[in-house]
Amino acid sequence: MASHDTAAPDGKCPCCSNPWQAATAGFFCQICDETKDDEQKKSTAVRGLDRSNMDFTIDPTSNFYTHANGNWIKNNPIPSGYSSWNTFTVLRVKSQEDCKTILEELELKKAELGGEEAKVNLFYESAMDEEKIEEVGIIPMQPLLDMCQDAADKKDDKVAFAASLGKLALQFGIYPFFGVSAGPDKKNSNHSIAQVSQGGIKLPDRDYYFDEDKEEKRVDYKKTIAIMLTLLEDSRASSPTDEAVAIAEKVFELEKTLAEAHMTRTENRDPHDTYNKMSIEDMSTMCGNTFDFVSYFESATDGKTPDQIGDINLRNVKALQKVAEVAPSVETDVLLAYFRWNAVCSCAPYLSTPFVNAHFEFYEKALQGTDQLKPRWKRAMEFTENALGEALGKLYCAKYFDESSKGRALAIVEQVRQALEDRLKEVDWMKSEETRANALKKMSKFGVKIGYPDKWLDYTPLEIKDSDDFLSMVFKAREFESKEEIKEINAPTDKLKWFMTPQTVNAYYHPSLNEIVFPAAILQHPFFDKNADDAVNFGSMGAVIGHEMTHGFDDKGRKFDYEGNMVDWWTDEDGKEYERRVQVMVEQAGKFLVYGQAVKGKLTSGENIADLGGLRLALRGLVNSKDYDPNSKIDGFSPVQRFFLSWAQCWRQNVTEQRALQLITIDPHGPNELRCNGTVSNIPEFHQAFRVKEGDAMYKEVGSRVDIW
């Protein structure tokens with residue numbers, strides 16, 4: 001993160017001798033006076049704001065993020081096995097521990113289990129059986145390796161080659177060259193179609209193949225390819241063979257060639273540029289008819305004909321054209337090594353120790369700065385969630401989800417929605433009443449999902465048994481997932497589907513469904529506490545709700561209408577004014593540095609817009625709530641102060657340098673300190689609540705503040 005001056009100030013509070021900033025000593029003395037005679041109130045302060053997490057040596061006008069979180073940051077170093085430690089990871093660990101308790105309870109009644117409970121228990125038990133995993137080695141992987149060999153051998157037979165690649169996708173979840181999924185048609189959201197996207201590279205992003213500052217990572221990556229390919233031949237090897245080193249270089253060059261045609265992360269956010277609807281035959285023609293996409297899709301969709309598949313969306317045209325150009329011309333030995341690398345990279349975490357360690361050394365240690373592997377049970381839990389996420393989620397909700405939280409959360413949703421409606425009615429830069437009416441209509445049609453799905457995923461077709469090796473179970477789970485995806489191709493959009501499990505600590509907005517979704521696991525302290533005061537809940541959960549709502553009107557979401565269709569409902573004048581205001585935010589973000597590297601303002605613009613809009617809407621919802629009293633204080637803080645402190649404490653984090661730099665490259669979310677300070681510095685009420693004035697580091701000139709939603 002960018003460095004900040006945290007030298008201790010000279011002034012001290014006459015009440016308690018704490019070293020406040022001299023400029024605001026009176027402000028903090030006032031807080032001390034107001035709470036000094038009410039120790040009981042102080043000790044029973046509502047959860048969500050713990051003064052011990054704050055650093056009162058840092059003035060809120062200097063660095064609000066550090067002021068709100070400084071002591072937490074000092075006292076919460078990154079635990080072993082992690083590259084960052086923040087509110088989300090803390091709750092993620094709690095979610096895993098809760099699920100572990102569930103699985104331990106299942107194990108106690110193992111003989112009585114049936115259906116999904118038995119499958120969850122068996123999968124987790126197999127993932128935990130390290131002894132057996134070590135014993136069988138790569139034997140369960142042999143069918144996949146045989147198929148890699150088969151695909152490479154058929155390189156010169158266009159039909160058979162494409163069909164083999166389709167089988168790799170369907171049966172093993174391996175997607176060399178490009179990816180295939182299903183999703184709503186952007187211009188007909190009630191209907192879902194196949195989505196074809198760029199792929200074929202195993203570094204986190206195309207930029208890793210070209211950026212000068214990532215040369216060390218490229219060297220490490222080629223070593224990883226080489227040692228993994230060597231381990232497939234000899235799992236006891238401690239170093240790669242010369243042959244593996246040589247072929248790894250060629251595999252890397254193949255991936256680099258593919259990456260050259262990839263869209264950047266920023267380009268890939270554009271819903272227009274990633275919408276190219278056509279038939280499979282037209283896609284083959286566009287790609288020079290050098291790759292048989294018809295045969296590929298027939299194989300990958302378990303026998304569907306082009307008519308049954310219907311039109312597809314080619315998200316990344318140049319990338320697929322490059323695949324069609326390159327794939328048939330790759331030397332057979334390089335192609336085989338490339339397929340085997342794709343296979344072993346995908347399977348390594350599920351294999352024996354040498355593979356697990358090789359995968360960890362690069363993907364977690366080198367790329368993210370993680371110091372050691374997580375405990376086996378945490379990794380086994382992740383594997384189980386990947387395979388049977390909703391089955392485990394159903395058990396999680398039955399045991400841990402407080403149904404009464406749903407009503408309180410829905411009440412906050414309605415208050416924030418009302419705030420958005422009021423804002424849309426009054427926003428003065430939107431000149432056209434037609435644009436305004438369309439915006440209000442979109443807002444009124446928001447779908448809201450909280451807690452867990454109304455319709456759970458049916459795992460009946462997923463058949464696993466005691467005699468299966470663990471990796472075989474993984475392959476069966478992948479094939480099950482592929483076939484579930486196939487059902488959605490050229491079919492009515494499943495609007496009951498969730499894209500996160502209930503035990504996931506997160507939330508999302510889906511532009512094609514025009515819905516906001518809040519899984520059960522985020523409805524807990526510090527994001528949500530049914531016993532907390534409104535200021536704390538609005539500053540956290542209310543802001544999360546507002547954030548997701550604002551995504552419907554961010555630089556990407558605004559291009560979809562109330563039905564989730566990509567329609568331009570803006571007048572030209574309003575659209576241009578919107579983009580002008582977004583550019584101010586892009587430029588603001590671009591000035592924030594992380595270890596000397598600037599944040600990608602355009603890449604992060606959607607999230608930054610949602611952060612600012614969401615926080616402003618949540619504040620409006622708080623102020624308009626029936627019990628709001630601006631003069632009330634808890635623990636010495638006014639409601640507005642508690643609101644902003646609650647927001648700040650959501651973003652507390654420690655992160656490794658490696659992980660921070662990785663996120664700068666690949667993550668559409670800005671760094672946590674930016675999400676806190678950059679957001680509040682654009683809000684007038686923050687300046688008023690903490691007496692931020694011109695000359696203070698947190699001060700932003702009125703004319704330079706972002707004002708959108």
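**The sheet and a helix pair**

Modeller: Three strands make up an open sheet, ordered 6-9-8, with mixed pairing. Strand 6 (447-451) and strand 8 (508-510) are the edge strands. Each has a single partner strand, so one side of each has no neighbour in the sheet. From one strand to the next, the twist averages 15°. Keep in mind that this is a predicted model.

Now the pairing of strand 8 with strand 9. Strand 9 covers residues 515-519 and runs antiparallel to strand 8. Three bridges join strand 8 and strand 9.

Next, the helices. Helix 7 spans residues 142-153 and helix 8 spans residues 158-172. Their axes come within 9 Å and cross at roughly 160°. Angles over 145 degrees count as roughly antiparallel. Helix 7 and helix 8 are therefore roughly antiparallel to each other. Their crossing is left-handed.

The contact can be listed by side. Helix 7 contributes Pro143, Leu144, Met147, Cys148, Asp150 and Ala151. Helix 8 contributes Phe161, Ser164, Leu165, Lys167, Leu168, Gln171 and Phe172. Sorted by class, the contact between helix 7 and helix 8 holds nine nonpolar residues, two polar and two charged.

Terms used:
Residues numbered from 1 in each chain as written. Predicted model: local features only at pLDDT ≥ 70, side-chain atom pairs only at ≥ 80, totals over all residues. Heavy atoms only, no water. Pairing = 2+ DSSP bridges. Helix = DSSP H or I, 4+ residues; strand = E, 2+ residues; numbered from the N terminus. Axes fitted to C-alpha atoms, helices over the stretch in contact; angles between N-to-C directions. Parallel < 35°, antiparallel > 145°, perpendicular 65-115°, else oblique. Left-handed = near helix turned anticlockwise from the far one by under 90°. Contact = heavy atoms within 4.5 Å. Nonpolar A, V, L, I, M, F, W, Y, C, P; charged D, E, K, R; others polar.
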